[in-house]
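Keep the sequence and the 3D view side by side.

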Amino acid sequence: MIEDPIIAAQTPAPDFTINQVWEAYTDEEHAVWDLLYQRQSDLLKDRTTPEFLEGLEKLSLSDGGIPDLSTLNPKLQALTGWTVVMVPHLVPDNVFFEHLANRRFPAGRFIRKRNQLDYLQEPDVFHDIFGHVPLLTQPVFADYMQAYGQGGLRSLEYDALKYLARLYWYTVEFGLINTPAGLRHYGAGIVSSYGEAQYSLESRSPHHIGFDLKRVMQTEYKIDDFQDCYFIIDSFEELFAATQQDFEPIYKNLIENDTVFTPQCLAQEDSIIQRGDLSYGRDNVSI
Ligand code: HBI
Ligand code: FE
């Protein structure tokens, strides 16, 4: 866990939120944000979905320095009713979902150090704000994230969190989308990563598979390296529509059949957009 004295000095509220204490960020911390921002924005121009890039503009995230929530939140709230709250590190699943269900996005306060720009063991303020928040300005995606939080709370009742977590992983974190200009990414884990922003689209290694809700829920993922498969949606409307059904029969079916796909394998029914050659790293641990 990365040390952050501002986090250590606070007792979190019952919903795990803390104050950002923006004034307490050091010049070095702001400089790391600027460095990450510059590196990413050059890369994302022709690779990320336009709604994300518009979100960056609308929220003035390019102004420089770690965003101050007291400036960011009024803008975001006026657009879609979402706000960003600060939390110390990872929060329990039910707390995370409760925030999303109420259109609050929990973001880490700390920022990675200059000597570990690419490797992160837990989400920091750059991943959480740069990666996740721009798309919350897009009304349909904003609704999807809220529906996800509501679905998350229900999944805990059915002991089905693992299925829903895979949906989050392959959409919110590592999703790709077809656009009129070509294949783009929208997942926060990709847009906030220097290496994966290129690899996910340009490498011959990973599979690109058409999005299918049940297939995604059956697919394991790697948390410690670039993904071996990505799922492609045609629109955020399609993604949101997939959540507008009762997941109970789906969970029951998944639990009964217990079919799992590794990230490397393909299914008979898959709509394959790129059959990866899996030449990148073969033996990393999956969960
Ligand atoms: N907490 N701060 C934080 N950020 C997350 O992304 C997060 C979390 N707690 C739980 C959680 N994610 C998972 O439940 C989801 O990835 C499904
Ligand atoms: Fe994330």
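Two strands pair if DSSP finds at least two bridges between them. Strand S5, residues 207–210, and S7 meet that criterion: they pair in the antiparallel sense over two bridges. One bridge can be located by residue. His 208 has Gln 274 of S7 as its bridge partner. Keep in mind that this is a predicted model.

Now widen the view. S5 and S7 belong to an open sheet of five strands, ordered S4-S3-S6-S5-S7, with mixed pairing. Strand S4 (182–185) and strand S7 (272–274) are the edges, and each pairs on one side only. On average, neighbouring strands of the sheet are turned by 35 degrees against each other, direction ignored. Helix H10, residues 194–202, packs on this sheet. H10 touches strand S3 (176–179), S4 and strand S6 (229–233). Its direction makes about 150 degrees with that of S4.

The residues around it are Val 87, Leu 90, Val 91, Asp 93, Phe 96, Pro 106, Gly 108, Pro 123, Ala 165 and Tyr 168. Eight of the shell residues are nonpolar, one is polar and one is charged. Helix H5 (93–101), strand S2 (104–108) and helix H8 (161–173) each supply at least two residues of the shell.

Finally, step back to the chain. Its secondary structure comes to 13 helices and seven strands. Among contacts between residues at least 6 apart in sequence, 67% join residues at least 24 apart.

Terms used: Residues numbered from 1 in each chain as written. Chains lettered and ligands numbered in written order. Predicted model: local features only at pLDDT ≥ 70, side-chain atom pairs only at ≥ 80, totals over all residues. Helix = DSSP H or I, 4+ residues; strand = E, 2+ residues; numbered from the N terminus. Axes fitted to C-alpha atoms, helices over the stretch in contact; angles between N-to-C directions. Contact = placed C-beta atoms within 7 Å. Near = placed C-beta within 6 Å. Nonpolar A, V, L, I, M, F, W, Y, C, P; charged D, E, K, R; others polar.
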